[in-house]
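Thank you all for coming.

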Amino acid sequence: MYKRIPAHIGVIPDGNRRWAVENGYDKHDGYAHGVQPGFALYELMLEHGIKEATFYGFTRDNNKRAMVQREAFTQACIESVRTLSGRDANLLVIGNTDSSAFPEELLPYANRRVCFGKGLIKLNFLVNYDWEWDLRHALEHGAIASAEISRIDLLIRWGGCRRLSGFLPVQSVYADIYIVEHYWPDFDKQHFLAALDWYQDCDVTLGG
């Protein structure tokens, strides 16, 4: 169907809190409604032969939010990994485990790749991620902390905002960025397909 399929897709699932408020919930309730869309997108990626995907979980800066929100997005990340453990993926959780904000439940998957089932797709999950921590790791250890993650071809951001928000700055250097105006909990298959349609006409020169 598509002549060009991005090998690696980045996903910024934004708009959970705004969705919650507009639908009569408290802000923190939006995160739980963001788990199922992630697996709907996972199935679509398998269907279209995507080899690698990176999802934003939460960042160091997100920890500035109210404690009830912090607990909610942390629990959503834990639930996502638990659910994924029953699917087919090679999981890599990347984040600063030296911080108390990193969930203990995800330590077994932190900064190393773990195979679930048939390992049909590489899935990277940014949990308590900090772009400065990522880059500083290169000065201290000779490589960025996220070095195992490949360059991103297509970055899809839900929620209407037009910024990277610190998302893998090295791997995103040549990424084509597609914005979905809808909030993440309102994920629809057509959002993904529209992004792939748009990607067909992107002129990928990598600076050449």
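Let me begin with the lining of the largest pocket, to which strand 1 (8-13), helix 1 (16-22), helix 2 (35-47), strand 2 (52-59), helix 3 (67-84) and strand 5 (122-129) each contribute at least two residues. Helices here (H or I, at least four residues) and strands (E, at least two) are DSSP runs, numbered from the N terminus. Please keep in mind that this is a predicted model, in which local features need pLDDT of at least 70 and side-chain atom pairs count only at pLDDT 80 or more, while totals for chains, interfaces and linings use all residues. Residues are numbered from 1 along each chain as its sequence is written, and side-chain values use heavy atoms, with hydrogens and water left out.

The volume of this largest pocket is about 920 Å³, and of the 41 residues that line it, P13, N16, Y56, G57 and F58 are the closest to its centre. By pocket I mean, on a 1 Å grid over the protein atoms alone, an open set of points where a 1.4 Å probe fits, with protein on both sides within 12 Å along at least five of seven lines, and lining residues have an atom within 4 Å of a point. Grid points are joined across faces, edges and corners, and the volume is the space filled by probe spheres set on the points.

Which element gives the largest share of that lining? Helix 3 does, with 6 residues, and the lining as a whole divides into 21 nonpolar, 11 polar and 9 charged residues. In this scheme Ala, Val, Leu, Ile, Met, Phe, Trp, Tyr, Cys and Pro count as nonpolar, Asp, Glu, Lys and Arg as charged, and the others, Gly among them, as polar.

The second largest pocket holds about 210 Å³ of space, and of its 17 lining residues the closest to the centre are N111, W133, H137, H141 and A145. Strand 3 (89-94) and helix 4 (131-141) are the elements that give two or more residues to this lining, with the largest share, 5 residues, coming from helix 4.

Staying with helix 4 for a moment, E132 is located there and is partly exposed, at a relative accessible area of 33%; buried means under 20%, exposed over 50%, and partly exposed in between, with a 1.4 Å probe and protein chains only. The C-alpha atom of E132 is separated by 8.7 Å from that of G166, 34 residues apart along the chain.

Back in helix 3, we find Q69, which counts as buried at 9% relative accessibility. Its side chain makes a polar contact with the side chain of R17 at 3.0 Å, where a polar contact is a pair of N or O atoms within 3.5 Å, one able to donate a hydrogen and the other to accept it within protein, and residues adjacent in sequence count only if both atoms are side-chain atoms. Beyond its neighbours within four places in sequence, Q69 is in contact (heavy atoms within 4.5 Å) with R17, K27, H28 and Y31.

C77 is buried at 3%, and C161 is buried at 17%.
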